[in-house]
Amino acid sequence: MVRQPKSSRSEPRVTGSDGFTLIEVLVTLTILAMVLSGFAMNMARRDNVPTPLDKAKEVQAMLYFARSEAISSGTRKTVTIDIDAKQFSYEGRKPVALEAGHRLNVIAGQELISADRKVSLEFLADGGSSGADIEIKDQRERNAKIRINWLTGLPTLVSGEVQ
């Protein structure tokens, strides 16, 4: 056995297993990017259809706005519900339309429903209203209900799925 003399300088030994090569890092980052992009695409494909509760909150906001304007202006304000088109409209505001799979049930006084199946909800200057119950339901049987009190005119979300 032949021994090599020790050198006076201690140089670090370089072997192939010290650290990562640039290629290994790039391959790892590429795989990570593919996994993350697949996850992002899967999240984007999720059901982004608004729930009945989401739509009920939009309708409730429109009803609050109409009530506030009736009180502040001292005049009667009307929110129209088109039952066949499943759409709520109020002057100067963007209409709220329900999704294709949603069902609409409105309980209101006979005098509020016109021949073309439109309901006119009246908000009065004293804060009162014509009153109604509105139910929005989807294909999964999730539902949300809005009750408009005839005395106070306040639209209240009385039930819906928990979020």
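Modeller: Here is a short tour of the model, starting with how to read it.

Colleague: Ground rules first. What kind of model is it, and what does pLDDT limit?

Modeller: It is a predicted model, where local features need pLDDT of at least 70 and side-chain atom pairs count only at pLDDT 80 or more, while totals for chains, interfaces and linings use all residues. Residues are numbered from 1 along each chain as its sequence is written, and side-chain values use heavy atoms, with hydrogens and water left out.

Colleague: Which strands form the open sheet, and in what order?

Modeller: The open sheet has 4 strands, ordered β3-β2-β1-β5, with antiparallel pairing. Strands (E, at least two residues) and helices (H or I, at least four) are DSSP runs numbered from the N terminus. Two strands pair if DSSP finds at least two bridges between them.

Colleague: And which are the edge strands?

Modeller: β3 (96-97) and β5 (118-123), each pairing on one side only.

Colleague: How many bridges between β1 and β2?

Modeller: 4 bridges, antiparallel, between β1 (residues 77-82) and β2 (residues 87-90). I81 faces F88 of β2 there.

Colleague: What does β4 pair with?

Modeller: β4 runs antiparallel to β6, joined by 5 bridges. V106 is opposite I134 in β6.

Colleague: How many bridges between β6 and β7?

Modeller: 6, again antiparallel. E135 has K145 in β7 as its bridge partner. The two strands make a hairpin with 5 residues between them.

Colleague: Which residue in that turn has a positive phi?

Modeller: E141, at about 65°, and E141 is not a glycine. E141 is partly exposed, at 48% relative accessibility. Most residues other than glycine have a negative phi.

Colleague: And R117, where is that?

Modeller: R117 is in the loop between β4 and β5. Its phi is also positive, near 60°. R117 is partly exposed, with a relative accessible area of 42%.

Colleague: Switching to charges. How many salt bridges?

Modeller: The count is 9. A salt bridge here is a side-chain nitrogen of Lys or Arg within 4 Å of a carboxyl oxygen of Asp or Glu.

Colleague: What does R147 meet?

Modeller: R147 meets D133, N to O at 3.0 Å. This pair links distant parts of the chain, 14 residues apart: R147 sits in β7 (residues 143-148) and D133 in β6 (residues 132-137). R147 is partly exposed at 44% relative accessible area, and D133 is partly exposed at 24%.

Colleague: What about D138, buried or exposed?

Modeller: Buried, at 5% relative accessibility. D138 forms a salt bridge with R142, the closest N and O atoms being 2.8 Å apart. R142 is partly exposed, at 23%.

Colleague: Last topic, rings. How many aromatic pairs?

Modeller: The count is 1. The ring centres of F65 and Y90 are 6.0 Å apart with planes at 80°, so the pair is edge-to-face. Rings of Phe, Tyr and Trp (its six-membered ring) pair if their centres lie within 6.5 Å; planes under 30 degrees apart are stacked, over 60 edge-to-face, and the rest tilted.

Colleague: Why does that pair tie together separate parts?

Modeller: Because F65 lies in helix α2 and Y90 in strand β2, 25 residues apart in sequence. Y90 is buried at 4% relative accessible area, while F65 is partly exposed at 31%.

Colleague: What sits over the F65 ring?

Modeller: The charged end of R93, 4.5 Å from the ring centre. The rule is NZ of Lys or CZ of Arg within 6 Å of the ring centre and within 35 degrees of the ring normal.

Definitions and conventions: Buried < 20%, exposed > 50% of the residue type's maximum accessible area, 1.4 Å probe, protein only.
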